[in-house]
Amino acid sequence: MNRTITMNLSGIIFHIEEDAYDKLNKYLAAIRGYFSNSESKDEIMTDIESRIAEMLQSKVSQTKQAVLMADVESVIAVMGKPEDFAEENSQGNNNESPRAETQYQYSGKRRRVFRDPDEKILGGVCSGIANYFDFDPIYLRGAFAVSFFVFGTGFLLYIILWMIIPEAKTTAEKLEMRGEKVDINNIGKAVSEEFDDLKKRVNNWEQKVNTNENKERVKSSAQRVGGFITDVFENLFKVFGKIFSILLIMVGVALLVGLLATLFGSGTISAFSAPGDTIRFSLYEFTDVILPESLSPQLIVIGLILFLGIPLSSMIYSGIKYLFGFKGQNKIVKYTANVLWLLGLGIMIYIGIEIGNDFAEHATTKQNITITQPQGQIMYLDLKPNTEEDFEDKHNYRRKIHLGDWYILSKDDQRFRLAYPSFTVVASDNNNFELVAVKSAEGFDKKEAAYRAKNIEYSVTQIDSTILFNSYYDIQAADKLRGQELKLILKVPLNKVIFLSKRMEKIIYDIDNVNDTYDGDMINRRWIMTTRGLECLDCQGLENVTKHDTIIIPAAPTVPALPK
Amino acid sequence: MNIENTKAQMKKGVLEFCILSILSKTEHYPSEIIEKMKEAKLIVVEGTLYPLLTRLKNDGLLSYRWEESTSGPPRKYYKLTPVGEQFLKELNITWNELVEAVNKTTQN
């Protein structure tokens, strides 16, 4: 007993056994492939198909309804194999336009990429590609050898190529390997041929629609329209698919190099950020700051290679596969890749959970920073000027992560330096200026979080009536980066004045004031603490600021000379 | 030198001539043409004929019309066009000259 398939051949329905169908299908595909470059390919195919339909029709009857393997074989014997009428055709073409003949030659000898087993050093990848593009493999080998040392990119690429480029095993394949030269012209020719083909189909189809001949074959014209549409889409997909696959390869390689450079390099990556805002990023530095002691940085490297590298590699893999039209899939490779990717995913999830655990609890501690009271009524507030430069050049930038306004700087191996603390002003409940540092951090439990918070180091410098704030605070390297934050609160007594310098703009954060002035507008001005809150003393020039001049302050202050 | 190859080459040279001759008397559809040519052992497989017919048609030597068939898909009935008739006439002359020349050469 055999299963049958329903088949429509030239508008006639046949019940055909599965294996017989496969055989017939392959046969027709072979003929189509043989005529693929002939202008009247479709017409010849239609003729041949209707003749086959006619022959098969005579082989079925009421009692024998299905088309069997033997029937297909006898039809093929009568019709002949493509090889059998191959000579015939080329003979015929001698009389025809020379173009058609060159086309046949072209299709027959078109070059394909194979690995060259006769001239191989490793897998024959280089010599195969060199054969394809007609140059000495030694250059490619050299390039690969060099790229092996560029974060191992070349090695990965070589392995990918090794896997997807088939080896030239048979003589025919070896000949194909050295077939007609492939250069830019040929590639262009191939693409333009595909477009031409498309155009021709459109024209043919229009002609067919316009002739009455078509009306006699309503049934098959419907098929033709269907066939035409699928053909158009197939061709469009082919052309765009090739372009897309080139893009796929380029993007894949770029991302892969980026990934490997991130993992093994220590360079600067400028991406996803405004010009000038570089993300100086070395993964080891980063993992140093983030990963718990219990996890080794190698784990995250392995995790990332598997989790990101495998999809990128398969992107390149499928791009190359489509571009060169390799068929078939290596199931073992696919299966292994999937398993490894899942392993990578597992590692990343594990790392995520481990890090997440360290953020379970939040703790805050307060510390008073001793300051001396100013001589007069005014306390001048400024940011220590050279601390910013500390972030720019004074330190080896390899040990620095700089994300926009957010800095992490490894001062030495014991401490990290973070910017910026935030600064705000409240009313004091006594007659003294007081400075409070509110330190907070996260941890596995309250105790750990509190311990981390206490480890935050911060200091200010005071010169007479001027407080110089550091723009950074330090944390212990062993504590890791666990949401450590520093908030500075300056308590200002009633009727005392503060002056915010221009540099303070970096750290002031949401200072409540009677005038409802934005933080950015509060700098370079004097502010007095009243019973209602902080009021501006010299905000005349500002819009939407209400003026309160109830208290008269002697002479406007000048910014004091700052120590270098 | 492959003798089969040479034989095949000789046969193929006259294929077009024969097809045109068959169609000169009356119109035929491909299977009938094939029958006649098989009888004459001119071709072995049918696949050979379809590209040839298509090409002769595209060159304007043949034209065809559709006819419904009781035993399968509609059939293409081919016949000679005036150009084809002229073409065949010239081929006939050439053929006769050729036969004469060949006979002369081989009998001597």
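Buried means under 20% relative accessible area, exposed means over 50%, and partly exposed lies in between (1.4 Å probe, protein chains only). Keep that scale at hand for the exercises below.

This is a predicted model, in which local features need pLDDT of at least 70 and side-chain atom pairs count only at pLDDT 80 or more, while totals for chains, interfaces and linings use all residues. Residues are numbered from 1 along each chain as its sequence is written, chains are lettered from A and ligands numbered from 1 in the order in which they are written, and side-chain values use heavy atoms, with hydrogens and water left out.

**Exercise 1. Work out which residues Ser313(A) is in contact with, leaving aside its neighbours within four places in sequence.**

Step 1: Locate Ser313(A) in helix 13 of chain A, which spans residues 297–323.

Step 2: Check its cover. Ser313(A) counts as buried because its relative accessibility is 14%.

Step 3: Go through the partners. With the neighbours within four places set aside, they are Leu156(A), Ile160(A) and Leu256(A).

Step 4: Compare sequence with space. Leu157(A) and Ser313(A) are 156 residues apart in sequence, yet their C-alpha atoms are 8.2 Å apart.

**Exercise 2. Find two residues with positive phi that are not glycine, and say where each one lies.**

Step 1: Start with Ser10(A), whose phi is about 55°. Its place is the loop between strand 1 (4–9) and strand 2 (12–17) of chain A. Ser10(A) counts as buried because its relative accessibility is 12%.

Step 2: Move on to Lys480(A), with phi near 65°. This residue lies in the loop between strand 15 (473–476) and strand 16 (485–492) of chain A. At 8% relative accessibility, Lys480(A) is buried too.

**Exercise 3. Describe the largest nonpolar core and a second, separate one.**

Step 1: Recall the term. A nonpolar core is a set of buried Ala, Val, Leu, Ile, Met, Phe, Trp, Tyr and Cys residues joined through side-chain atoms within 4.5 Å.

Step 2: Take the largest core, which has 47 residues. Leu9(A), Leu24(A), Ile52(A), Leu56(A) and Met37(B) have the most contacts inside it.

Step 3: Turn to the second, separate core of 41 residues, which includes Phe416(A), Leu418(A), Val425(A) and Ile467(A).

**Exercise 4. Summarise chain B: how many helices and strands does it have, and in what order do the elements run?**

Step 1: Count the elements: chain B has 5 helices and 2 strands.

Step 2: Read from the N terminus on, and the order is α-α-α-α-β-β-α.

Notes:
Helices (H or I, at least four residues) and strands (E, at least two) are DSSP runs, numbered from the N terminus. Contact means heavy atoms within 4.5 Å.
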